[in-house]
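Please look over the structure below. We will go through a few of its local features, one at a time.

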Amino acid sequence: MRSVLPDSGIKAPADAPAVGRNLYVHVPFCKTKCRYCAFYSETGTGEALLRDYPALIAREVALRSLADARPQTVYVGGGTPSLLGPEGLEALFARLPRPADGAEMTVELNPGDVSPALAAALGRCGVTRASLGAQSFDAATLQRLGRRHGPEAIGAAVATLRAAGVPQLSLDLIIGIPGCDAAVSAASLRRALELAPEHISVYPLSIEAGTAFARDGLHPVPDDAMLSEVAQAEALLTAAGYERYELSNYARPGAGCRHNLAVWLGEDYTGIGPAACSREGLTRRANARNVAAWRTALLSGAYPPAEVTLLSPDEDESERFTTRVRLQRWCVPPEANGAVWTRRRRALQTLERTGIVRCLSPGQGLWTLTPRGREVADAVMAELL
């Protein structure tokens, strides 16, 4: 049975096992809050906290026994990690566990923050992948979203990062924005393709509670309009040689985000920083969305406050399985048995008869969502869960 336990003020045991094969680092600072964003971040942060943040991360690394983790993937997200600046990012990476050989190292960046000095710092840190929050190439749309960069900053950032030798670039785009014509989304996709990034994420806009859009009473675009924009994105990107390897993500062959793939495939991951989440064995952990409480705990030598959820083996397996359904192909092992797998196979057979999923290889147990299934992917995952 699932139980939710408080976790605050607990000292890390000296013999705690090293985890963190896939490491996420949250940098919860923004200059301004985008009107659609529901992620945890703080604005108006003083220079002192920004300066001290890498040292605070180092404290959590030590408390979580991560110093020798040798992660295969490191993903620094936010918030806006680029607000730390060149020196701050170098200080942050210097305090993270030394990555394994060939590790993927990703940093999220605001296009307007990318300077030659920052790009050079990323190179010195060994960053292999930069993810740019482009969102749109239309000036009016960017203003409507509350972004603080203009369209010209995106191309400039790509050129600067290329010149610094960052091997892989990803652009994030948003579609299905109320009040914005589908032609605007198509134009943004074409502009993105002109920059030839290795990876493009296309996120349908949802109106989340607590955002400025929600407070303004903005309503999502109708489902048929959203599905039309999703189909438009798929047609344009796949025609340009990108593979839709996940519901919202497209990549050149071999350029999928390894960190996110690890999460979708059900691997363990460790998150550090305020609001960061972890999945380690049967334990889920979510650090509190409170940078002040996180800082206070670390300075006292204690774990930051967090919510910890303990899962049963069946719950754990089911959750790890259903995240794979987001991918282009996923496996139902032919040799797997038991009541859960029997029910799951029956559900898949029903979904196949209704054209929602398709079996690619019965012998290997490979399945995929059909185009219709991708439209109702959340319902499919709920059914399988």
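Helices and strands here are DSSP runs, numbered from the N terminus. The model is a predicted one.

Start at strand β9, which spans residues 199-204 and contains I200. Is I200 buried or exposed? Its relative accessible area is 0%, and buried means under 20%, so I200 is buried. Set aside its neighbours within four places in sequence. I200 then touches S170, L171, L173, A192, L193, L237, Y242, S248, N249 and Y250. L189 sits 11 residues from I200 in sequence, and their C-alpha atoms are 9.0 Å apart.

Rolling a probe the size of a water molecule over the atoms shows where empty space is left. The structure holds one cavity of 30 Å³ or more. The volume of the largest cavity is about 80 Å³. L189 is one of its lining residues, as is L173, a contact of I200. The lining also includes Q135, S136, T141 and C180. Which elements supply at least two residues each? They are β8 (168-175) and α6 (182-194). With four residues, α6 gives the most. By class, seven lining residues are nonpolar and five are polar. None is charged.

Most residues other than glycine have a negative phi, and most peptide bonds are trans. Phi of Q135, however, is positive, near 70°. Q135 is also buried, at 8% relative accessible area.

A275 has a positive phi too, about 75°, and is not a glycine. Its place is the loop between β12 (270-272) and β13 (277-280). A275 has 19% relative accessibility, so it counts as buried.

The peptide bond from G78 to G79 is cis, with omega near 20°. G79 belongs to the loop between β5 (73-78) and α2.

Now turn to helix α3, residues 116-125. Its buried residues are L118, A119, A121, L122 and C125. Viewed down the axis of α3, they fall within an arc of 155°, so they line one face of the helix. An α-helix has 3.6 residues a turn, so residues three or four places apart point the same way. What do the buried residues of α3 pack against? Their partners are α2 (85-95), β6 (104-109) and α5 (151-163). P116 and R124, on the other side of α3, are exposed. Just after the helix, G126 takes a positive phi of about 80°.

Conventions
Residues numbered from 1 in each chain as written. Predicted model: local features only at pLDDT ≥ 70, side-chain atom pairs only at ≥ 80, totals over all residues. Heavy atoms only, no water. 1 Å grid on protein atoms, 1.4 Å probe; cavity = no way out; pocket = protein on both sides within 12 Å on 5 of 7 lines; lining within 4 Å. Points joined across faces, edges and corners; volume = space filled by probe spheres on them. Nonpolar A, V, L, I, M, F, W, Y, C, P; charged D, E, K, R; others polar. Buried < 20%, exposed > 50% of the residue type's maximum accessible area, 1.4 Å probe, protein only. Contact = heavy atoms within 4.5 Å. Arc of directions from axis to C-beta.
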